[in-house]
Amino acid sequence: MPADLVATAAAAEPDAPGPHQAQDQIRRLAWLHFANDLTLDFITPLLTALVNVGWIGLMEGAADGIGQVLKLVTGRASDRQGVRAPWVRSGYVINAIARPLIGIGMVLGWPLWVVACRIGDRVGKGVRGSATDALVADWADRDDRVRAFARMRTMDHLGATLGGLAAAAAAYVIALRHLWIAVCALVVVTLWVAHLARGLTDRRRVPVAPVTGTGTAAPGATPPVGWWPRSKALRAPLLAIGVATMATKLSPLLVLAQVAGLPAHAQQAPWPLWQVCLGWAALGLVQAGAAALAGLMTIRLGAAGMARLGWLAGAVIFVGLAQCHGWGLVLAGAAFGILVGFTEGAEKTWIADRAATSERSLSFGALAVVTAITGLLGNALFGWLLVTWGPKAFLVMALIAILGVLTSLGAGRSVPVTPAAS
């Protein structure tokens with residue numbers, strides 16, 4: 001894109017949307033979140049039957065790391081071009097295509113094909129991730145933004161719940177060697193995703209008025225020149241989220257594997273595949289309820305306060321996972337969904353409130369990189385500790401979550417930032 005067009009796109013602010021236009025775009029994005037997680041969480045618990053548990057953490061960490069780092073690149077490109085929708089459409093379509101292809105690896109018995117499709121799926125998330133969050137923030141203003149992010153998380157987890165239930169039903173009814181048929185049937189959802197994505201549009205922008213007497217655009221209206229957000233207001237939140245992420249972004253598959261008795265040090269007999277899928281669905285339902293509740297609480301507590309509350313709840317849950325057995329362990333595992341539901345929307349709202357409009361996608365990309373690095377470190381550390389210490393590894397995660405809370409105390413409350421003030 002030519003430099004003058006880039007400057008024009010960045011030196012602009014959102015125009016007032018037409019009647020029901022914002023609601024339509026937020027609703028469409030919410031259903032895309034639902035459809036995307038339906039297919040994702042249909043596939044994910046079935047991976048425990050295809051990939052050795054010892055490799056799950058590495059596979060998930062590497063795939064997620066690739067997708068998260070890609071968010072920085074695509075987020076910067078989205079800001080420089082001044083558009084979000086094309087990136088969002090492309091990413092969702094890549095996700096929707098990659099997942100049914102896993103069925104080929106299942107029918108042919110090619111684990112490496114499954115892993116490659118999983119990484120391809122994360123590439124799709126990397127293409128759309130930052131732009132999707134920025135598009136939500138573009139279409140929603142102030143308190144509506146809190147509700148919008150909470151709605152996205154709620155629809156995410158409701159889709160995950162339905163996907164897990166469908167996986168449980170398929171694993172119970174269909175023999176393992178024929179599960180590829182159910183996976184290939186996800187092409188129906190692929191068509192639905194394509195239909196929803198087709199209707200996405202960017203919020204129209206109008207040029208920002210130049211500062212009186214200067215003839216230039218207001219500060220903060222220029223396009224991002226580097227690969228990292230310039231706003232100092234983002235430094236403290238990114239640091240706090242990064243520290244907490246080492247514990248809070250622990251792979252739910254690892255938690256489920258511990259609860260279901262899949263690791264070698266577990267005391268109970270392993271669950272059958274359909275029961276693992278059912279546990280995954282229950283986790284998604286808890287996450288959906290927690291995300292909906294978090295949306296209401298964030299308006300009162302602020303995004304920073306809600307994030308801290310979620311991290312503290314996570315520390316308590318980790319202690320439960322370390323100490324409980326039997327049904328107590330099952331309940332503690334389900335409660336892990338509270339941690340995810342409480343923190344995801346709050347963290348993104350915190351960043352959205354601090355970021356300038358001209359580098360909003362870049363800011364979400366920076367968040368993705370920080371969480372990718374610290375999340376990979378946390379998952380690798382936990383995987384090693386789980387093999388070495390057993391369930392006591394969760395106590396280390398509890399300490400890291402508390403450290404995240406302490407780090408965040410200097411970050412202050414999230415305050416909306418206008419492009420001119422950043």
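**Aromatic pairs in the predicted model**

Trp31 and Phe34 are three residues apart in helix H2 (residues 21-43), and so about one helical turn separates them. Helices here are DSSP runs of H or I with at least four residues, numbered from the N terminus. The structure is a predicted model, in which local features need pLDDT of at least 70, side-chain atom pairs count only at pLDDT 80 or more, and totals for chains, interfaces and linings use all residues. Residues are numbered from 1 along each chain as its sequence is written, and side-chain values use heavy atoms, with hydrogens and water left out.

A search of the whole structure gives eight aromatic pairs. Rings of Phe, Tyr and Trp (its six-membered ring) pair if their centres lie within 6.5 Å; planes under 30 degrees apart are stacked, those over 60 edge-to-face, and the rest tilted. Trp31 and Phe34 form an edge-to-face pair, with 5.2 Å centre to centre and 75 degrees between the planes. Trp31 is partly exposed, at a relative accessible area of 36%, whereas Phe34 is buried, at 13%. Buried stands for under 20% relative accessible area, exposed for over 50%, and partly exposed for values in between (1.4 Å probe, protein chains only).

Phe382 and Phe394 form a tilted pair, 4.8 Å centre to centre with 55 degrees between the planes. Because Phe382 lies in helix H13 (residues 360-389) and Phe394 in helix H14 (residues 393-408), the pair ties together parts 12 residues apart in sequence. Both Phe382 and Phe394 are buried. Together with Phe318 and Phe336, Phe382 and Phe394 form one aromatic cluster.

Key. Helix = DSSP H or I, 4+ residues; strand = E, 2+ residues; numbered from the N terminus.
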